[in-house]
Amino acid sequence: MAAGTSLSRPQQGKVVAGVCAGLARRFGWSPTLVRALFVASLLLPGTQVVVYLVLWAIMPKDPG
């Protein structure tokens with residue numbers, strides 16, 4: 001799928017919940033890059049885990 005598609009969690013290619021894979025697909029980035037950025041962000045103070053959980057809850061799954 002091309003960049004600019006709707007934001008949704010893929011059924012295939014996900015590691016935990018598909019949030020990073022869905023974000024990567026939406027913006028045309030590599031899923032590995034998005035996952036690495038998320039893991040690196042865990043070293044900083046903030047609400048990264050809460051944001052991940054919220055996205056997991058509100059991002060729809062791909063139909064299929």
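Predicted model: local features only at pLDDT ≥ 70, side-chain atom pairs only at ≥ 80, totals over all residues.
Visitor: What is the mean pLDDT of the protein?
Guide: The mean is 90, and 92% of the residues reach 70 or more; pLDDT is the predictor's confidence in each residue, from 0 to 100.

Visitor: Turning to the largest pocket, which element gives the most to its lining?
Guide: α3 does, with 4 residues. Helices here are DSSP runs (H or I, at least four residues), numbered from the N terminus. A pocket is an open set of points on a 1 Å grid over the protein atoms alone, where a 1.4 Å probe fits, with protein on both sides within 12 Å along at least five of seven lines; lining residues have an atom within 4 Å of a point.

Visitor: Which residues line the largest pocket?
Guide: Among them are V19, C20, L23, W29, F38, Q48 and Y52.

Visitor: And how do α1 and α3 pack?
Guide: Their angle is about 80°, with the axes 10 Å apart. Axes are lines fitted to C-alpha atoms, for helices over the stretch in contact, and angles run from 0 to 180 degrees between N-to-C directions. α1 and α3 are therefore roughly perpendicular (65 to 115 degrees).

Visitor: Which residues meet there?
Guide: V19, C20 and L23 in α1 meet Y52, L55 and W56 in α3, contact meaning heavy atoms within 4.5 Å.

Conventions. Residues numbered from 1 in each chain as written. Heavy atoms only, no water. Helix = DSSP H or I, 4+ residues; strand = E, 2+ residues; numbered from the N terminus. Parallel < 35°, antiparallel > 145°, perpendicular 65-115°, else oblique.
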